[in-house]
Amino acid sequence: MTLVELQTTSMAVGGEAVAREDSGRVVFVAGAIGGERVLAEVVDERKSFARAVSVEVSEPSPDRVVPPCPHVAEGCGGCDWQHIAEPAQRMLRRELVADVLARSGIVDPVVVAGPPLAAAGLRTTVRGVAGPDGRFAFRRRRSHDPIQVDSCLIAHPLVEELVAEGRFGSAREVTIRVGARTGERMVVVGPKAVGVRVPDGVQVVGTDELYKGHRAWLHEEAAGRSWRVSAGSFFQASPEGAEALVSVVGGLIRDHAPAAQRLVDLCCGVGLFAGTVGAGMAVTGVERSASAVADARHNLEGMEARLIKVAMGRWRPAPADVVVADPARSGLAQEGVAAVAATGAGLCVLVSCDPAAMGRDARLLAAAGYRHVGSTVVDLFGHTSHIEVVSGFRRDRSVGDAGA
Ligand SMILES: C[S@@+](CC[C@H](N)C(=O)[O-])C[C@H]1O[C@@H](n2cnc3c(N)ncnc32)[C@H](O)[C@@H]1O
């Protein structure tokens, strides 16, 4: 075991603190905060950088706190920022986003905080495995080993009850999902739902059944609508989080494209943005997951909505005034940005869940003529370094611009 004493200076996307050795080599230190002096164990060494884990903090940051969840001390790998005070977590997310945007060539990017969201008790989905006696387990930090837990600080109470009381046989994957506002609950167990014991009323489905075409879903309520969400479909981390995103996306459309009549919801999932900020507009939803498209069709019934099951790179773009794009972690990339530009939209609202991908997309959008007008960090993932950010990009001279 190699131990090194380090002075950390800042935080990096990914959640680790950054230190520089006398040799100039950068060390990313998990469990530390920028501005601390720590003793750290080196766990991975490369030519130009190393990774280490803080084992002792001799000069703590004023933002350091005792992790509120006891399972952090036991090694649970679920939350990587519980040692950072909540206000500092929020500030760090904004700083990291501003830094990524600046590195992407945006001068003095405007980055603000979104609607306040609780860090604990909101998450309606958790993923883990079955531990040795069938109880729910997360993965241990930096390991594939299970760590059984009987509570989860960040989970909604309806999820937490199943974490504490459910038995999941010897499942290699366990996904617990709930509708916080409907009370509906579902457990997806892989590879087979064998030996599962959960309270009455909780749907249990095996991933083997899903592969064979079996459909299972629950409902959630958010932003004044009911959402059917199938086992294979994405939904935001909580209904409160979904509402925060809808309000930020809606605000950008009101400010920058108030006369918009045609909206493309790119990577529309179950139709969250189409069904809310798209109300009153002609909406096109583009989504590659069959299960999400089926849900979106159900959820948007009665709206003027066209739903197309296709990967964004293969979609033949239709003219639009606004594109709301909420891609997976890999971002829009060249193919998605080309699709946005081909719609002629005057406004692109990009919802990013990975800051590095956001930076790449910002660069590509700038090259396609879209100017950054501001970003809002929505703290969907309290106690973690996971960052969700909504950014507006405006094309000032565009054929399809219905904006102000
Ligand atoms: C982060 S989710 C957002 C879904 C939706 N906007 C919401 O808020 O619930 C990303 C969605 O993009 C879809 N997706 C991923 N890659 C895609 C691609 N290449 N083309 C179209 N959709 C894609 C996924 O299936 C998923 O539903």
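These legends describe close-up views of one predicted model. Residues are numbered from 1 along each chain as its sequence is written. Local features need pLDDT of at least 70, side-chain atom pairs count only at pLDDT 80 or more, and totals for chains, interfaces and linings use all residues, while side-chain values use heavy atoms, leaving out hydrogens and water.

**View 1. Five strands form a closed barrel.** The strand order is β1-β2-β3-β5-β4, and the pairing is mixed. Strands are DSSP runs (E, at least two residues), numbered from the N terminus. Two strands pair if DSSP finds at least two bridges between them. From one strand to the next, the twist averages 50°. Axes are lines fitted to C-alpha atoms; angles run from 0 to 180 degrees between N-to-C directions.

**View 2. Strands β1 and β2 pair in the antiparallel sense.** β1 spans residues 2–11 and β2 spans residues 17–20. Three bridges join these strands. M11 has A17, in β2, as its bridge partner.

**View 3. The ligand sits among 15 residues.** The closest are Q236, C267, E287, M312 and D326. The shell comprises nine nonpolar, three polar and three charged residues. Here Ala, Val, Leu, Ile, Met, Phe, Trp, Tyr, Cys and Pro count as nonpolar, Asp, Glu, Lys and Arg as charged, and the others, Gly among them, as polar.

View 4. On its own, the ligand has 600 Å² of accessible area, and the protein covers 91% of it (Shrake-Rupley method, 1.4 Å probe).

Methods:
Helices (H or I, at least four residues) and strands (E, at least two) are DSSP runs, numbered from the N terminus. A residue is near a molecule or strand if one of its heavy atoms lies within 4 Å of it.
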